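Hi everyone, thanks for coming.

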Amino acid sequence: MRWYQHLFWRIFGAVWLVSTLGILISLTLFISVTDTPDRTESQKQKATIIAEQLISDYQYGMQRKEQRRRLPLWIYEKRSNQLIYSSGRRSQPKDAMVTEIIAADGTPYLVYFPPERNEELFERMWGFLLSFQVLWVIAVSFGSSLLVTWLVVRPINDLKGFVRRLHQQGNLSSRAEGKLVKRGDELGQLAREFNQMVDYVEQTLDSQRHLLQDVSHELRAPLARLQAAAGLAEQKWGEDDRTLQRINKECVKLDGLISEILTLARARDAEATAPILDVALLCRDLVQDARVSGPQHQFDLSLDVTDGATIRSEPLSRVVSNLLNNAINHTPQGTLIKVSVATDNGRLTIRVVDNGPGLPESILDSIGQPFRRGANSGGYGLGLSIVTRATERVGGEVQFQNLAPTGLQVDIKMPLAN
């Protein structure tokens with residue numbers, strides 16, 4: 001996330017800009033409105049002083065050489081409407097202001113002069129914006145906006161940190177605590193309601209895990225009796241009976257399903273007590289076990305592991321074993337299965353590549369859900385679900401990608417042991 005996408009800077013920028021612009025616009029309008037009569041009177045006084053000198057010269061017949069004046073004037077004798085003076089070749093503006101001057105001999109004259117131009121107003125405004133008062137207003141607005149933003153964002157960051165710890169540690173017994181929960185405003189209410197939500201989720205998941213364990217254990221007893229009955233039937237009818245062969249085959253499948261359900265239910269308890277082992281040694285053992293399970297396949301292990309890198313045997317053992325078994329079961333015999341392991345900056349990266357049919361694109365993003373599988377899969381849809389859940393529970397991530405023309409690539413990233 002880039003810095004300008006953070007909620008802190010968005011709230012701070014909005015509050016500071018709105019407050020600063022509001023104050024500056026209000027002050028600017030106030031000064032421009034109150035300063036207009038003063039500027040008009042000042043312009044009139046300047047035009048009167050210059051015009052009195054020009055009228056005096058005109059009455060005494062003095063002809064002065066035309067000089068460039070900062071304030072252009074047009075002077076008329078009021079009675080005859082005769083122009084006695086004009087500023088060079090400039091024409092009299094339509095919005096010119098007028099004042100009347102009575103000469104010493106009592107002759108009235110009308111003096112036209114242009115109003116003060118906006119350029120001078122802009123110069124005054126620019127000087128006002130750079131004044132100490134305005135800079136102080138901007139500084140005060142900056143400090144108040146920073147304080148308001150900090151008061152709003154700080155408890156949100158505390159709640160975000162709690163959610164992150166809850167996700168990374170996978171400990172649903174942790175709760176938001178401290179001053180955040182004791183607050184009497186909406187943020188405190190949000191923290192308390194979030195704790196209630198975590199309570200409900202923890203109770204639901206615990207009930208689900210206990211249900212899976214209880215059901216799996218209860219299924220073990222009738223399965224054992226069924227296998228015993230099948231054994232007695234074999235002694236009576238012989239091992240070549242097709243019905244008995246089908247019964248034994250279904251018993252094996254049912255036993256495998258129960259084992260995977262128990263593995264899924266007991267995963268959290270197993271991870272808490274798993275020993276910490278050397279990464280390279282553990283990966284070699286897991287690949288060697290896969291060679292025993294799939295003797296018709298070839299395995300290529302590539303290790304780029306830092307010396308002394310360690311990790312808990314669970315969930316790594318369960319993740320790698322499930323990936324290798326999945327590759328063995330869904331690729332032709334004699335094909336190559338590549339496994340690469342690398343460590344970098346306290347993270348472990350595992351890549352398993354096979355040349356099987358891959359996964360349907362429609363379920364590629366949801367393959368980590370339990371019982372999610374392809375149409376031609378002969379499994380139960382729990383292997384990759386165990387991989388995904390076990391990896392995410394320790395703060396890792398899983399990515400599935402189909403290769404061209406065939407094959408599946410699975411990338412696993414998880415933290416090493418501290």
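**A covered helix and its partner**

So, α9 is mostly covered, with 8 of its 11 residues buried; buried here means under 20% relative accessible area, using a 1.4 Å probe and protein chains only. Those buried ones are Leu384, Ser385, Ile386, Val387, Thr388, Ala390, Thr391 and Arg393. Just after α9, Gly395 has a positive phi of about 85 degrees.

Quick caveat: this is a predicted model, where local features need pLDDT of at least 70 and side-chain atom pairs need 80 or more, while totals for chains, interfaces and linings use all residues. Numbering starts from 1 along each chain as its sequence is written, and side-chain values use heavy atoms, leaving out hydrogens and water.

Stepping back, the chain has 9 helices and 11 strands, which are DSSP runs numbered from the N terminus (H or I, at least four residues, for helices; E, at least two, for strands). Of its 418 residues, 34% are buried.

Now, what does α9 meet in α8? Gly383, Leu384, Ile386, Val387, Ala390 and Thr391 in α9 meet Pro315, Arg318, Val319, Asn322, Leu323 and Asn326 in α8, contact being heavy atoms within 4.5 Å. That set divides into 7 nonpolar, 4 polar and 1 charged. Nonpolar covers Ala, Val, Leu, Ile, Met, Phe, Trp, Tyr, Cys and Pro; charged covers Asp, Glu, Lys and Arg; the others, Gly among them, are polar.

The axes of α8 (residues 313–329) and α9 (residues 383–393) come within 9 Å and cross at roughly 150 degrees. The two helices are therefore roughly antiparallel, the label for angles over 145 degrees.

Key:
Axes are lines fitted to C-alpha atoms, for helices over the stretch in contact, and angles run from 0 to 180 degrees between N-to-C directions. Angles under 35 degrees count as roughly parallel, over 145 as roughly antiparallel, 65 to 115 as roughly perpendicular and the rest as oblique. Buried means under 20% relative accessible area, exposed over 50%, partly exposed in between (1.4 Å probe, protein chains only).
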